[in-house]
Amino acid sequence: MMNRLVISIGNTHTRWGFMHNGILKQFKIANAETVETVNQAITDSTTNLSARFDTIKIASVVPSRTDHQINLLEGTYLSAVDQVRLNDLKKVDFTVYDGLGIDRALIVHEVFRTTKNAAIIIDFGTAMTVNVIDKTGVFVGGTIVPGHQAMLNAMHISTAALPELLPECTSHDWLGDSTQSAMQSGTAYMIASYVNSLIKTMATRFMPLNVVATGGGYKSIQSLVTSDIKVIDDLILRSLLNYDAE
């Protein structure tokens with residue numbers, strides 16, 4: 001297998017990774033940092049491990065950062081950087097959906113590549129995306145709703161007194177005993193109830209159905225989800241590493 005450096009530019013973070021001694025080394029940095037700082041962090045992480053790469057692949061949902069990041073990487077590694085696009089993902093039929101983001105397409109592609117079966121893939125990111133693929137490899141659609149942090153941010157920004165909060169694992173009680181706990185409980189149960197209901201509905205349409213979760217936001221509602229879910233935190237990086245494998 002070729003040694004590949006992969007980079008995913010998301011809405012809030014840039015993630016990157018590569019295989020080293022059979023283990024996926026993965027890193028992330030907030031997009032609040034400049035593209036130059038991100039490039040230096042990537043360089044430092046690979047130099048420290050004396051990593052050498054045959055190919056460099058990048059996927060991005062932030063066009064304003066993409067070209068600059070590619071130019072810096074090419075200057076650093078003296079190698080072409082390939083931007084992965086929707087038509088590079090050959091194992092799934094995405095034609096029924098208009099405007100699908102490459103981040104969603106990659107995680108769907110990787111799940112189907114490894115399972116060859118119907119699946120619902122939920123990415124608990126800034127926006128929580130639900131993505132459904134049938135057993136023939138056709139992406140049949142999905143939903144997009146605010147993630148846990150986005151819900152909390154919206155309440156803080158849209159009101160005069162509600163505080164700014166980070167998502168936390170809530171207790172098994174619907175009723176908070178303070179403003180903060182009421183916000184945490186309300187948003188966590190709203191997301192978990194939606195997820196539980198959606199999985200139950202999809203399981204009647206697609207049988208058998210694999211259920212996969214990715215994204216850091218899952219941890220804050222995990223205890224409230226009643227379905228059996230496989231969690232793959234590094235799904236998008238694994239997809240970039242393997243999307244063109246047979």
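Colleague: Happy to dig into this one with you. Which residue in β3 is the bridge partner of Thr-14?

Modeller: Keep in mind that this is a predicted model. Strand β2 covers residues 13-20 and pairs with β3, residues 23-30, in the antiparallel sense over eight bridges. Within β3, the bridge partner of Thr-14 is Ile-29.

Colleague: Which residue in the turn of the β2 and β3 hairpin has a positive phi?

Modeller: These two strands form a hairpin with two residues between them. The positive phi in that turn, about 55°, belongs to Asn-21.

Colleague: Good. And in β2, which residue is the bridge partner of Ile-7?

Modeller: Strand β1, residues 4-9, runs antiparallel to β2, and four bridges join them. A hairpin through three residues connects β1 to β2. On the β2 side, the bridge partner of Ile-7 is Trp-16.

Colleague: Now the open sheet: which are its edge strands?

Modeller: Five strands make up this open sheet, with mixed pairing, in the order β8-β7-β6-β9-β10. An edge strand here pairs on one side only.

Colleague: Which residue in β10 is the bridge partner of Val-212?

Modeller: Strand β9, residues 210-214, runs parallel to β10, and two bridges join them. In β10, the bridge partner of Val-212 is Lys-230.

Colleague: At what angle does helix α3 run to β7?

Modeller: Helix α3 spans residues 102-115 and lies across β6 (119-124), β7 (127-133), β8 and β9. Its angle to β7 is about 40°.

Colleague: Which element gives the largest share of the largest nonpolar core?

Modeller: That core has 27 residues, and Leu-89, Phe-94, Leu-106 and Ile-121 touch the most other members. The elements giving two or more residues to this core are α3, β6 and α6. The largest share, seven residues, comes from α3.

Colleague: Last one from me: why is helix α6 largely enclosed by the rest of the structure?

Modeller: Buried here means under 20% relative accessible area. The buried residues of α6 are Leu-235, Ile-236, Leu-237, Ser-239, Leu-240, Leu-241 and Asn-242. Helix α6 (residues 235-242) is largely enclosed because, of its eight residues, the number buried is seven.

Terms used. Residues numbered from 1 in each chain as written. Predicted model: local features only at pLDDT ≥ 70, side-chain atom pairs only at ≥ 80, totals over all residues. Heavy atoms only, no water. Pairing = 2+ DSSP bridges. Contact = heavy atoms within 4.5 Å. Axes fitted to C-alpha atoms, helices over the stretch in contact; angles between N-to-C directions. Buried < 20%, exposed > 50% of the residue type's maximum accessible area, 1.4 Å probe, protein only. Core = buried A, V, L, I, M, F, W, Y, C linked by side-chain atoms within 4.5 Å.
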